[in-house]
Amino acid sequence: MLIERIWPGNEYRNFHYLLACPETGEALAVDPLDWQRCLQVARARGWTITQILNTHDHPDHTGGNSGLVGATHARLLAHAGAATGIGGVDRGLHKGDVIRVGRTVELECLDTPGHTLSHICLLSHTEQPALFSGDTLFNAGAGNCHSGDPGLLYESFSAQLARLPEDTRLFPGHEYLARNLEFTLDREPDNAAASGLLAQAKARNADEAPVTTLAQEKQVNTFFRLSSPTVIARLRSAFPGIGERPDARTVFLKLRELRNSW
Ligand SMILES: [Zn+2]
Ligand SMILES: [Zn+2]
């Protein structure tokens, strides 16, 4: 599978992705808000966009659909639960569905509610797995739950994402790495891995932002560090009521709450 990460440089800091079959040149576009840019990149590579996937129904992920469908006649794929809201969806997706691109690419649909109630993450069936995580999991962070449910986001993290292979590469819907690392360091000032990565992130432009793995996320993403003694001790000073040994769910929910106003 060929992966092209596209940085349109817009105010939302979106990442778009083209996932292509090296044998046939067929490509799937993930959340192509800047659809002209995606089309331009596909043409430059000699690829044909035959499918579009929306991870969820927010306009910064769906806003390029009609333009790109108009230009390519690609099929539109989205979570079955988000299809009515998005409109024009040709294939409603469910947990475990497999999307094929060309002859060689297979992507498995994970049903990961939390950021919204109907959110798809895509997991590639490749030697080194890749996760296209939309607004569920960011580099060093977690999606907000303004139109979702933080309890469901915790379930998606703990029951699904945390259990993926450690070498899974992470391709989220937005570039928030430095900002998220700053939150991690606010919660866990002694996290050396987070300080190291922050220095790296600040030294590079967003279009060259490092691609993290799940193993790395477990070191630097505070939403995976729910049993860290520093995280818990600092959280207790903000929320004394959580007690000495809060469970992972409580820690996650309080971190998510703090992040909303941080
Ligand atoms: Zn969103
Ligand atoms: Zn978004």
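Which arrangement do the 4 donor atoms around the zinc ion (ligand 1) make? Some notes on that and a few other spots.

1. Ground rules. This is a predicted model, where local features need pLDDT of at least 70 and side-chain atom pairs count only at pLDDT 80 or more, while totals for chains, interfaces and linings use all residues. Residues are numbered from 1 along each chain as its sequence is written, chains are lettered from A and ligands numbered from 1 in the order in which they are written, and side-chain values use heavy atoms, with hydrogens and water left out.

2. The metal site. His56 (NE2), His58 (ND1), His115 (NE2) and Asp135 (OD) coordinate the zinc ion (ligand 1) at 2.1 to 2.3 Å. Donors here are N, O and S atoms within 2.8 Å of the metal (3.2 Å for Na, K and Ca), and water is not among the atoms, so sites may look incomplete. The angles run from 92 to 167°, so the arrangement is irregular. For reference, four donors are tetrahedral if all angles lie between 85 and 135 degrees; four are square planar and six octahedral if opposite donors are over 155 degrees apart and all others between 65 and 115; anything else is irregular.

3. The bridge. Asp135 bridges the zinc ion (ligand 1) and the zinc ion (ligand 2), 3.4 Å apart. His56 sits in the loop between β4 (48-54) and α2 (59-62), and Asp135 in the loop between β10 (130-134) and β11 (137-138), 79 residues apart. Helices (H or I, at least four residues) and strands (E, at least two) are DSSP runs, numbered from the N terminus. Both His56 and Asp135 are buried (under 20% relative accessible area; exposed is over 50%, partly exposed in between; 1.4 Å probe, protein chains only).

4. Asn54. This one belongs to strand β4 and is buried, at a relative accessible area of 0%. Its side chain makes a polar contact of 2.7 Å with that of Asn65 (a pair of N or O atoms within 3.5 Å; within protein, one must be able to donate a hydrogen and the other to accept it, and residues adjacent in sequence count only if both atoms are side-chain atoms). A polar atom of the Asn54 side chain also lies 3.1 Å from the backbone oxygen of His61.

5. Aromatics. There are 12 aromatic pairs in the structure (ring centres of Phe, Tyr and Trp, its six-membered ring, within 6.5 Å; planes under 30 degrees apart are stacked, over 60 edge-to-face, the rest tilted). Tyr17 and Phe171 have ring centres 5.6 Å apart and planes at 80°, so they are edge-to-face.
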